[in-house]
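Let's take a friendly walk through this structure, chain by chain. Have the sequence and the coordinates open as you read.

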Amino acid sequence: MSLKEQQNLLAKLYTDAEFRRAFLSEPEKIGVESGLSADEIREIAEIMPEELHFFADSLVWKRLGEAEKFLPLTRRVLGEDFTGNFREFSQTYNPRTVKKHFEDALAFCRFLQTRKIPGPAKCAAKFEAAKLEFFGFEKRIAVCRLDYDVRSFSGAHANPAAENHEKTKKIAVWLRTGKRIRHFFI
Amino acid sequence: MCFTGAGGVKIGHLAPVPYTKEAVKVFVRNIERVKKRIKTPLALENITYLVQFPSSEMSEGAFIKTVLEETGCGLLLDVTNLYINSRNFGFDWRGFLDEIPLDRVVQLHFVGSHRHGKRLIDAHADKTEAEIWRVFAEVAARCDVRGAALERDGNFPPFAEILEELETAKKLMR
């Protein structure tokens, strides 16, 4: 097998949990379906499954760590559920550009809107997605309609328990005029 | 010295290649392409890896040596990566140093290792531990190192601790 073919297969094994599980349980079947010869299948199947799983898992942890940095408010409101949701998300999405962690964080915010999670957590993700888009895409203006006052989610007196927040309609605005950036709530 | 994506799939991190003659050829070809575009001398860096390939035809040290010899590149030796690999895969890091051309080492990278489950990883978020300073000291004693970079980009300690680590590095390089 050429290095190129080997790398193609490895990249898939590292990033696609379902493909990895299938290959490790039935290497011959999946290998043949991927167009590999018996020798090529043997070569890849010789890699220790534990090493493969650990590396694949470390990739998700790395993505998770970066997403937490981009989405501190969502992390705070979602608490430990941030990790579980991100792990599920990571199996459905793989960033493609050089701004991979930014792309990941934005896509995760979109993913959270489809999940059964507390309203404040969805709201925090929506707010941080709008903020990321404003700064990341250097937008001149960004407007985000919110069901909660996200300012109550952070700060010294904030209660991170999501269920304790009361609904309040708010609009978050970011404005760029020259080098000056203004951010306020209506 | 790694790959980060293939077949349209981005891995999102540095992934090792099997150490084969074919991989040497591909690396040399790619490095030559880069060298044609940039005039600055190029240094290659060793990575941490969590997967080893039974199909490898040579050791990591022999692989690095061959690529450096065929490209004329310098080596940016990450002593933390070397230490982590030696612990995760049970080899002697001194043996690795014996294999590579130490006269090609131009710069060092260092930071503490991070335990993740049964393995050590390179998280760039921990204080450099005594074992890594030992690797650093031996490399600094055996090579004409021109610089070193502390790769800390998370879990920041008080700044004095960073300065203290840099001071230790400077002393070892004198």
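This is a predicted model: local features need pLDDT of at least 70, side-chain atom pairs count only at pLDDT 80 or more; totals for chains, interfaces and linings use all residues.

Chain A holds 9 helices and 3 strands, and from the N terminus on its elements run α-α-α-α-α-α-α-α-α-β-β-β. The radius of gyration of chain A is 21 Å, well over the 16 Å that the globule rule gives for 186 residues, so chain A is more spread out than a compact globule. Along the principal axes, its C-alpha atoms fill a box of roughly 65 × 40 × 25 Å. Buried residues account for 30% of the 186 residues of chain A. Of the contacts in chain A between residues at least 6 apart in sequence, 59% join residues at least 24 apart.

Now to the helix pair. Helix 8 (residues 100-113) and helix 9 (residues 119-136) of chain A pack at an angle of about 150°, and their axes are 9 Å apart. Their crossing is left-handed. Helix 8 of chain A brings residues including A:Phe102, A:Leu106 and A:Cys109 to this contact, and among those it meets in helix 9 of chain A are A:Ala125, A:Ala129 and A:Leu132.

Next comes the contact between the chains: 24 residues of chain A are in contact with 24 residues of chain B. On the chain A side, helix 1 (3-15) and helix 5 (49-70) each supply at least two residues. Helix 1 of chain A gives the most, with 9 residues.

Which residues have the most contacts inside the largest nonpolar core? They are B:Val79, B:Phe110, B:Val135, B:Phe136 and B:Val139, in a core of 35 residues. Elements of chain B that give two or more residues to this core include helix 1 (21-37), helix 3 (79-88) and strand 5 (105-110). Helix 5 of chain B provides the largest share, 5 residues. Leaving aside residues up to four places away in sequence, B:Val79 touches B:Leu108, B:Phe110, B:Ile132, B:Val135, B:Phe136 and B:Val139. Apart from this core lies another, of 28 residues, among them A:Phe89, A:Ala105, A:Phe127 and A:Phe134. A:Ala105 also belongs to the part of helix 8 of chain A that meets helix 9 of chain A.

How values were computed: Residues are numbered from 1 along each chain as its sequence is written. Chains are lettered from A and ligands numbered from 1 in the order in which they are written. Axes are lines fitted to C-alpha atoms, for helices over the stretch in contact, and angles run from 0 to 180 degrees between N-to-C directions. Helices (H or I, at least four residues) and strands (E, at least two) are DSSP runs, numbered from the N terminus. A crossing is left-handed if the near helix is turned anticlockwise from the far one by less than a right angle, and right-handed if clockwise. Two residues are in contact if their C-beta atoms, placed from the backbone, lie within 7 Å. The radius of gyration is taken over C-alpha atoms; the globule rule is 2.2 Å times the number of residues to the power 0.38. A residue is buried if 20 or more other C-beta atoms lie within 10 Å of its own, exposed if 12 or fewer, and partly exposed in between; C-beta atoms are placed from the backbone. A nonpolar core is a set of buried Ala, Val, Leu, Ile, Met, Phe, Trp, Tyr and Cys residues joined through C-beta atoms within 7 Å.
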